[in-house]
Every structure is written in C-alpha cells, then in structure tokens.
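Welcome! Please take a look at it first, and then read on.

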Amino acid sequence: MANSEAREYLSRIGIQRIQELDTALIEVFGSEEGERHIKNLTELFDRAEMRLIYGTEESDRGNSHPQSAVQARDGLSPKNSVPDSAHKKDSLYLRRQSELVDYLNQNLSLSLLASSYYDRIFFQKAMDYLIRAERYFKEDICEVGCGNGILTCFLAQRYPDSAVTGLDLSANAVSVAKVLKEQLAICNAAFYQQDISDMDISAQASSEPALSSLSLTDLIFNENPSQNQKQEPFQILLSCRTIHENVAWPPLAAKQSQKSCPENEENETSQHQLSLAELTALHRPYAQVLANLVNPGGYLISVERYEADSSYDGLLHALEEAGFSREKGTHEQFSCKNGDETATFQAIILKRVNLQ
C-alpha cells in the first residue's frame, strides 16, 4: 500500500510521533539545551506573528534593523543569519519566516524533530498523493521550497533514473537536506540555496541534446553567483507549501484597523474580501515564476495550504493565465494536524501547455 511505503520511509529517516515539542526537545537535547531551544523558539514565533499582523516587527519600525537577539545569543554564524534583504521581503511576503526556518534547521536532529511534530502527517499524506501520481514522474524533477529535503530525497529514492534537484531560500535547510541525502546514500539528487524568482531561465528549449539536470545545475548553482548561467526548465516541478512565502498578502493590520474604525470599511484590503480578479492578480507574478521553470509539455505538481475558496481559485486562475492546464482527476483535498492546528491542503497537477 502507498500508505505503508510513506510510513516506512518517514520512520527510517527518523520522523516519529511527538505529542509535545517542548518535552521532546528536553528529552533529545537535555534539560539545559532543551530549555534554551524552547525559549528561543517562543521568541521567534512571537516575532513571526508580529510580522504576519503588522508586516514587520514593532522593533523594526525605525531607520535600522536591530540585530536578532536569538542569533547573537546562540552564536549563529554570519552566513546563517538573515540578510537585510530577506527582512525587507518579510514586509511584503508576510508569512515568510526566515529566522524560524534557519533556527529549526541548525542541524539534522533539530530539523527532523521539528518535522516530526509539525509535519509528520502532512508528509505522509503528501507522499501518498505523489505515489498516486507516479505516472507523471519522468525525466528530471525539481522541488522548489524543498526545506530539509524530506520529499526531495523520497522522490530521488523512488525514481533513481531521474535527476532530482531541491531548491530553497534557506541556506540552513539546504545544508540539512544535503546531510539527509548523504545519510540515505542518494546519488541522483542535488540541493541548492536559490530564490527561484531570481533564476535566469532559458526562453526556449535548445535544439542541442539536453544535459542531465544534475550536470546542468552543477554548472549553474555554484559558490559564485556572478558565474550563474541560464537554467533550462524542468520536466516535473513540485511546489509544496511555497505560496505563503512568495505571494504578497495584505497585512492583517488592515483587517484589524477596519474593525476598530468601521468608517474605514471601504478601504478594507483583507484577502477575505478581495474579488476573484484581485486574487488572481495577487498570484500572477509567482504563477509566472513557476511557469518559467517548467518545460512545455511538463507538469507542475502543486500542494498548498488553502481552503477550497476564492483565494485558491485565484491561484488556479493565475496558473492558467501563465500557461498551465489542469489535469482532470488530479485534484485532492486533505486535512491534517499541523503542530497545534489542523490545516487543509489542496493538491493538483497542471500541464504546461504553452510559453508566454
């Protein structure tokens, strides 16, 4: 059964059932280090919530960005700290949680522990869906927003003849994904830190024989960004839980302001009151970025946290405008516990039918 295959893989890499994250942190790291992680994570969650509500932290509302107390206290190296440019993006992409992601991916042990608590059921259901969609997995595969590489490594193991690439914004997450790949002795996967909106994508397929994805990306994603070359699109693109980091939603502060000042109701910009046309426009830039990464005739596999509502319709309309066509019978909705909450996800496969 597909379900048993997903469970066996997750168990093998160290994903386990965890009732309380705080208790697990102390059990795994000991009292002193565990308590330190709990304190730091509490602070980071508070900072992330502040960005979601106001578009920035209250302490960021000056002329300069303060040094993160968490980074200073835990001695995170400069290369793992969040650059000013990422913080500026946080004011637009309100659900991007760069500091939190970097913290949870300091090492593989902490990353897998966090994934066990927040994502165990999600990964199992997502992998079940990917297994049911196996007829689409041919040639090269790329996962954007690969995080710690759990899904990417799963696909690489399942399709050993495919070249599999994982891309993520977080250097820490990419580093952890590489460690996981090594532990699983995977030879057909590669991981790179990359903002896909900055990638230089070839405008059309070359008439020359195609390089494998791995040899191509080895040339492109190198230590010196100035040497980057054009990237050929992929045949299969998996975009899993990336919308919230790449679509600029209006701040929740607008909604709160409307509640406190009813006379400003006509200025309300909450996503819940946006029209389908406005929601489509909101998703349009990122939909085009995804389209640029997929070969004509290739497929986008999208798994995103949405209710089946107008916001999700906006995403689908934007993808269709970008040259995608929905594959009949591939849409599935599933819900699962996501940490302390229950989240709903929409999964669908779309075919890239034309270039824009």
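Which residue in E4 does glutamate 143 stand opposite? The residue facing glutamate 143 is leucine 238 in E4. Please keep in mind that this is a predicted model, so a word on confidence comes up below, after the overall picture.

**The chain as a whole**

- The chain has 356 residues, and 51% of them are buried.
- Its secondary structure comes to 14 helices and 8 strands.
- Of the contacts in the chain with a separation of 6 or more, 76% are between residues 24 or more positions apart.

- The average pLDDT of the chain is 80, and 71% of the residues reach a score of at least 70.

**Strand E4 and its partners**

- Strand E4 covers residues 234-240 and is mostly covered itself, with 7 of its 7 residues buried.
- E1 and E4 run parallel and are joined by 4 bridges.
- E4 also pairs with strand E5 (residues 294-305), again in the parallel sense, over 6 bridges.
- For serine 239, the bridge partner in E5 is serine 302.

**Helices H7 and H8**

- H7 packs against helix H8 (residues 150-158) with the axes 10 Å apart and at an angle of about 40°.
- That angle makes H7 oblique to H8.
- The crossing in which H7 passes H8 is right-handed.
- On the H7 side, the contact is made by Leu112, Ser115, Phe123, Met127, Leu130 and Ile131.
- On the H8 side, the contact is made by Ile150, Leu151, Phe154, Leu155 and Arg158.
- Helix H7 is also where glutamine 124 is found.
- Is glutamine 124 buried or exposed? Glutamine 124 counts as buried because its relative accessible area is 15%, and buried means under 20%.
- Leaving out neighbours within four places in sequence, glutamine 124 is in contact with Asn3, Ala6, Arg7 and Leu10.

**Two loop residues with a positive phi**

- Glutamate 139 is not a glycine, yet its phi is positive, at about 60°.
- Look for glutamate 139 in the loop between helix H7 (108-132) and strand E1 (141-144).
- With a relative accessible area of 54%, glutamate 139 is exposed, because exposed means over 50%.
- Alanine 185 is another residue other than glycine with a positive phi, here near 55°.
- Alanine 185 sits in the loop between helix H9 (171-183) and strand E3 (189-193).
- Its relative accessibility is 60%, so alanine 185 counts as exposed.

- Proline 160 lies in the loop between H8 and strand E2 (164-168).
- Is proline 160 buried or exposed? Proline 160 is exposed, as its relative accessible area is 55%.
- Along the chain, proline 160 and isoleucine 186 are 26 residues apart, while 8.6 Å separates their C-alpha atoms.

**Leucine 316, in helix H14**

- Leucine 316 has its place in helix H14 (residues 310-321).
- Leucine 316 counts as buried because its relative accessibility is 4%.
- Which residues does leucine 316 touch, not counting residues up to four places away in sequence? Leucine 316 touches Arg326 and Ile348.
- Between leucine 316 and isoleucine 348 there are 9.6 Å from C-alpha to C-alpha, and the two are 32 residues apart in sequence.

Key
Residues are numbered from 1 along each chain as its sequence is written. This is a predicted model: local features need pLDDT of at least 70, side-chain atom pairs count only at pLDDT 80 or more; totals for chains, interfaces and linings use all residues. Side-chain values use heavy atoms; hydrogens and water are left out. pLDDT is the predictor's confidence in each residue, from 0 to 100. Buried means under 20% relative accessible area, exposed over 50%, partly exposed in between (1.4 Å probe, protein chains only). Two strands pair if DSSP finds at least two bridges between them. Axes are lines fitted to C-alpha atoms, for helices over the stretch in contact, and angles run from 0 to 180 degrees between N-to-C directions. Angles under 35 degrees count as roughly parallel, over 145 as roughly antiparallel, 65 to 115 as roughly perpendicular and the rest as oblique. A crossing is left-handed if the near helix is turned anticlockwise from the far one by less than a right angle, and right-handed if clockwise. Contact means heavy atoms within 4.5 Å.
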